Amino acid sequence: MKKKLQLTLLSLLFATGLFAQGADLNLLKSINGPPNGADSKWKFMSDKAVIVNVAAPISLVVAGYINHDDNLKISGLQTAASFIVAGGATFVAKKVFNRERPFVTHPDVIYAKEYPTDPSFPSGHTAFAFSTATSLSLAIPKWYVIAPSFAFAGAVGYSRMYLGVHYPSDVLGGAIVGAGSAYLTWKLQKWIVGKKPKEMVH
């Protein structure tokens, strides 16, 4: 557990190391671009991510009650717990790094399609999306859950760059925070419940 946590922190530090790299801004410029007809699609994806993320743990708990499946109930609570951890970690990281949004730092090349005012690193939307995707994948380790879950999380991360509100390194940092929070809370609930991963799914 300690070694995995250290690797997660090192990965996060690697993401922040991209700040000074021109590749970070250049990649963002290639994704962002001037306003066009696709803006509403990616704004919809970004806005609705919150609803999907909140619905995931509720759905697991409800499904657990309907099917009398304690494992699904526990997975729902674990998913909710991972949100709390991801939210706390994101809040602290934003305060520590205090990175300005790309459309603020580079208004000449980045087109803002939203105007959030909090710090940029890491991406909160991405953190919550990857927290959801990882929690669902650990609860139900089937390809038909894993593939769409991470495709959704990746699309949310992409939407934040497309809208000009996050650098690629912000999104990478958010993905690490979200996935790491889900994994840590999953390991914790596994320890509490005293069951192996394969026993968590019927």
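User: Which residues of α2 are called exposed, and what does that word require?

Analyst: The word exposed requires a relative accessible area over 50%, buried requires one under 20%, and partly exposed covers the values in between (1.4 Å probe, protein chains only). The model is a predicted one, in which local features need pLDDT of at least 70 and side-chain atom pairs count only at pLDDT 80 or more, whereas totals for chains, interfaces and linings use all residues. Residues are numbered from 1 along each chain as its sequence is written, and side-chain values use heavy atoms, without hydrogens or water.

User: What makes the buried residues of α2 a face of the helix?

Analyst: Within α2, residues 22–32, the buried positions are D24, L25, L28, I31 and N32. Viewed down the axis of α2, these buried residues lie within an arc of 125°, and therefore they line one face of the helix. The arc is taken from the directions that lead from the helix axis to the C-beta atoms. As a general point, an α-helix has 3.6 residues a turn, so residues three or four places apart point the same way. After α2 comes G33, with a positive phi near 70°.

User: How many helices and strands does the chain have, and what qualifies a segment as either?

Analyst: The chain has eight helices and zero strands. Both are DSSP runs numbered from the N terminus: a helix is H or I over at least four residues, and a strand is E over at least two. The order from the N terminus is α-α-α-α-α-α-α-α. Of the 202 residues of the chain, 45% count as buried.

User: What span does α3 have, and what span would be expected?

Analyst: Helix α3 covers residues 39–66, which is 28 residues, and extends 39 Å from its first C-alpha to its last.

User: Where does α3 bend, and what is meant by a bend?

Analyst: The bend is at K48 and amounts to about 35°. That figure is the angle between two fitted axes, one through the seven residues ending at the position and one through the seven starting there.

User: Which helices do the buried residues of α3 pack against, and what counts as contact?

Analyst: The buried residues of α3 include W42, A49, N53, P57 and L60. The partners of the buried residues are α4 (70–97), α6 (124–139) and α7 (143–162). Contact means that heavy atoms are within 4.5 Å. Across the chain, among contacts with a separation of 6 or more, 80% are made by residues 24 or more positions apart.

User: Why is F103 called buried?

Analyst: F103, in helix α5 (residues 102–105), has a relative accessibility of 12% and therefore counts as buried. Beyond its neighbours within four places in sequence, F103 contacts I110, A112, E114, Y115, P116, G164 and V165. Its C-alpha also lies 9.6 Å from that of Y167, which is 64 residues away along the chain.

User: Why is A179 called partly exposed?

Analyst: A179 belongs to helix α8 (residues 168–193). Its relative accessible area is 24%, so A179 is partly exposed. Leaving out residues up to four places away in sequence, A179 touches F130, S131 and T134. A179 and S131 are 48 residues apart in sequence, yet their C-alpha atoms are 5.0 Å apart.

User: What is the form of the peptide bond from F121 to P122, and where is P122 found?

Analyst: The bond from F121 to P122 is cis, with omega near -5°. P122 lies in the loop between α5 and α6.

Technical notes. Expected span 1.5 Å × (residues − 1).
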